[in-house]
Amino acid sequence: MLYPNLLGFYSHVFVEQISDARAVVACVKAYNDFLTDFSSQDPKRFIPIMALPFWDLEASLQEMRRCAARGHRGFLFSNAPEKVGLPALRDSHWYPLWSLAQDLGLSANFHIGFMADPDEVAGIKGSGTRADYTKATSLAMLNSNAAAIAEVAVSGLCHRFPELNIVSVESGFGWLPYWMELLDWEWLNAGAARENPEMELPSYYIKRQVHGTFWFETQTMQSMLHLMPDNVMFETDYPHPTSLSPGPASVAENPRIVLDKALGGLPDELVRKVVFENAARVYHLDLSGWR
């Protein structure tokens, strides 16, 4: 799965620096077309995920239709649009986008970060010590997507759009079972269930529609995979610094070694789900000829 990076993190800054709105949308289209062309070299191996000009809803809907027709299987979206003055994910403003994505079979993908200001990243990089950098990056991987998953599970978004698949990218998996149980506890304990009698527990929507990814986790997978076998997919996170890319600047092992540690001894049926069947279902991939 090929995810937008800078257009996912800083697209709002991109907008602010180019005064011609049409030029900005044209740049997003050019990027998506690049992904299409790159993926065409091996369509079964490279799956494009589109960027959207989310600050312009009508342009986003048009681009979603265009890219879906060209083979894109999902879209990267801001997990906190309110940070740049747009409505929150639950707002009816976005209903046309969620509805179209559901109709087209496209997944909504949330990356670990959506920065309202590049200074946020600069602050992480210039935090002083490697220990501080460790803390800041680890919290970034957990916090933003945990907030997004809570938002879609408790706000009614998943309830309203029951066939919309949602993917948490580059944030890990081990925390998801805990997060799901915590949300259920607070939903009941805070009285949200009485306030929203038409809705199920948050865990119901998470199990039905939300998917996590892992790359370095091993012990977590062995102990927790049975809790959510249909909700987890493997990623390498390449080419980020945290990726499974062995080399002199990384402690990473070969992805095959990591998979052996994470999934070794588990039933073949479960391994197949994690390695490719869950992804094939979420992204509507053709598995004919795969093994």
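In which hand does α3 cross α4? Select both helices to check: α3 passes α4 in a right-handed crossing (right-handed if the near helix is turned clockwise from the far one by less than a right angle, left-handed if anticlockwise).

**Before going on**

This is a predicted model, in which local features need pLDDT of at least 70 and side-chain atom pairs count only at pLDDT 80 or more, while totals for chains, interfaces and linings use all residues. Residues are numbered from 1 along each chain as its sequence is written, and side-chain values use heavy atoms, with hydrogens and water left out.

Colour by pLDDT (the predictor's confidence in each residue, from 0 to 100). The protein chain has a mean of 89, and 90% of its residues reach 70 or more. Confidence is highest in helix α5 (residues 95-104), at a mean of 98, and lowest in helix α6 (residues 118-125), at 57. Helices (H or I, at least four residues) and strands (E, at least two) are DSSP runs, numbered from the N terminus.

**Stop 1: α3 and α4**

Select residues 21-39 (α3) and 57-69 (α4): their axes come within 11 Å and cross at roughly 20 degrees. Axes are lines fitted to C-alpha atoms, for helices over the stretch in contact, with angles from 0 to 180 degrees between N-to-C directions. That angle makes α3 roughly parallel to α4 (under 35 degrees; over 145 is roughly antiparallel, 65 to 115 roughly perpendicular and the rest oblique).

Show V25, V28, K29, N32 and D33 of α3 with A59, E63, R66 and C67 of α4, which make the contact (heavy atoms within 4.5 Å). These residues divide into four nonpolar, one polar and four charged. Ala, Val, Leu, Ile, Met, Phe, Trp, Tyr, Cys and Pro count as nonpolar, Asp, Glu, Lys and Arg as charged, and the others, Gly among them, as polar.

**Stop 2: α4 and α5**

On α4, pick L57, S60, L61, M64, R65 and A68; they meet P96, L97, L100, A101 and L104 in α5. This contact has nine nonpolar, one polar and one charged residues.

**Stop 3: α7 and α11**

Move to residues 130-154 (α7) and 202-209 (α11), whose axes lie 8 Å apart at about 110 degrees. α7 and α11 are therefore roughly perpendicular to each other. I149, A153 and V154 of α7 and P202, Y205 and I206 of α11 make the contact, with six nonpolar residues, no polar and no charged.
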